[in-house]
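Please look at the sequence and the three-dimensional structure below before reading on.

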Amino acid sequence: MEEVSGKIVQLCQGEGATQKKVVEELKKLGVTASLEQIASVLNGLLKSGQLQVLKIQGHVAFKTVNTEVSGKIVQLCQGEGATQKKVVEELKKLGVTASLEQIASVLNGLLKSGQLQVLKIQGHVAFKTVNTEEREKFRGLGSEDRLIYQLIEQSKDRGIWIRDLRVKSNLQQPQITKILKALESRKLIKAVKSVVAKNRKVYMVYDVEPSREITGGAWYNEQDLDEDFIEVLHDQCYLFISNKSFASAEEVYHFIKESRVFEADLRLEDIQTVLNTLIFDGLVEDIRDPRGPAFSAKVLYKRARLDLPPNEFTHSPCSICPVFESCAPNGVVNPVVCPYLTAWNALPPQY
């Protein structure tokens, strides 16, 4: 079919040619090919960006893409991309002659062939060159598939709900669901369950690590609050401080990490949260570092001198909730419908 492809590209140069004319001219040239084969080659040339569709006297026709214009546009759209206005201006500077209609047609062909992708630059629609590796990854996907992928990519590590995809893409939910399945099967995206809303999934790029707001961080195990883990961690932090005159949050953190007792990805802010709950429980006190200069800002922790009654707040899910600051009566994170707070409130009182 290489011979057929080459002849068709030649025949469609200039003003272009209808499919009927292409068939007739191929016969005159002695090229043997069925109507189905010719249609298949035309479709392939359209997808590869070598041909573009136009109309001649009301009939659908095909025209060979100006390789000079096409090549220049691909170059201009490298890096951060370029708007159509910028492409037109830069082509004029380079001395490339092409009408607005021709440029728009070439851009459309490059989008269909996967050589360009659509994005936004300061609120304006723009085009960006797709490298060869990415082009292979998205081969066979349509413009709607790419749009959904780009919206998911823009959501980064927080992901995006299907409702937001519907609003931003203006596509119907059944179509979006079909696209999501196709992208998941190619391992381009993944669905992640959020601790914020258990019955909702967010979608993010396959290789992106979900944010702690989505996973709940170290406090959650497969969306469930890991109470046993939290209790053991509290005990270990308290014992470490009790065995020393005083310790900083960094020292407690390094002790926990070096002990290798916990497999969870703990961070310094997690240890700080634990230390705060120990203070609320009256087990630990925070003091200024006596080893430093006067009025030192460094905070240290030591075992409390008095045994205070436990503070019930530290036993509630709210005390270690990773999205506590986002919680509001009418917010997405809502104490009224929080399953963890509801379960905690249902527990019998302990005296």
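What follows is a short report on the chain, its helices and several residues.

## The chain as a whole

The structure shown here is a predicted model, and its chain contains 15 helices and 13 strands. A compact globule of 351 residues would have a radius of gyration near 20 Å, whereas the value for this chain is 31 Å. Its C-alpha trace, followed along the principal axes, spans about 100 × 50 × 35 Å.

Of the 351 residues in the chain, 37% are buried, and the chain exposes about 21800 Å² of surface, with carbon and sulfur atoms supplying 50% of that area. If we take the contacts between residues at least 6 apart in sequence, 50% of them join residues at least 24 apart.

## Helix α6 and its surroundings

Helix α6 covers residues 100-112, which makes 13 residues, and the distance from its first C-alpha to its last is 18 Å, close to the 18 Å expected at 1.5 Å a residue. Which residues of α6 are buried? They are Ile 103, Ser 105, Val 106, Leu 107, Gly 109 and Leu 110.

The buried residues of α6 pack against several elements, namely the strands β2 (51-56), β5 (116-121) and β6 (124-129), together with the helices α4 (67-76) and α5 (84-93). Just after α6 comes Gly 114, which takes a positive phi of about 80°.

## Helix α8 and Gln 150

Helix α8 runs over residues 143-154.

Is Gln 150 buried or exposed? Its relative accessible area is 10%, which is under the 20% cut-off, and therefore Gln 150 counts as buried. When residues up to four places away in sequence are not counted, Gln 150 touches Gln 117, Val 118 and Leu 119.

Lys 156, which follows α8, lies in the loop between α8 and β7 (160-161), and its phi is near 55°, a positive value in a residue other than glycine. Lys 156 is exposed, with a relative accessible area of 58%.

Asn 170 is found in the loop between α9 (162-169) and α10 (173-185), and its phi, near 60°, is likewise a positive value in a residue other than glycine. With a relative accessible area of 67%, Asn 170 is exposed.

## Residues that link parts of the chain

Leu 141 sits in the loop between α7 (132-137) and α8, and at 11% relative accessibility it counts as buried. Leaving out residues up to four places away in sequence, Leu 141 touches Arg 146, Leu 183, Arg 186 and Leu 188. Asp 207 is 66 residues from Leu 141 along the chain, and the C-alpha atoms of the two are separated by 19 Å.

Ile 162 lies in helix α9 and, at 24% relative accessibility, counts as partly exposed. Apart from its neighbours within four places in sequence, Ile 162 is in contact with Gln 173, Ile 176, Thr 177 and Leu 180. The C-alpha atoms of Ile 162 and Leu 180 are separated by 9.2 Å, although these residues are 18 residues apart along the chain.

Gln 13 is placed in the loop between α1 (2-11) and β1 (17-18), and its relative accessibility of 48% makes it partly exposed. Between Gln 13 and Phe 62, which are 49 residues apart along the chain, the C-alpha separation is 8.8 Å.

Definitions and conventions: Residues numbered from 1 in each chain as written. Predicted model: local features only at pLDDT ≥ 70, side-chain atom pairs only at ≥ 80, totals over all residues. Heavy atoms only, no water. Helix = DSSP H or I, 4+ residues; strand = E, 2+ residues; numbered from the N terminus. Rg over C-alpha atoms; globule rule 2.2 N^0.38 Å. Buried < 20%, exposed > 50% of the residue type's maximum accessible area, 1.4 Å probe, protein only. Contact = heavy atoms within 4.5 Å. Areas by Shrake-Rupley, 256 points an atom, 1.4 Å probe, with all protein chains shown as cover. Expected span 1.5 Å × (residues − 1).
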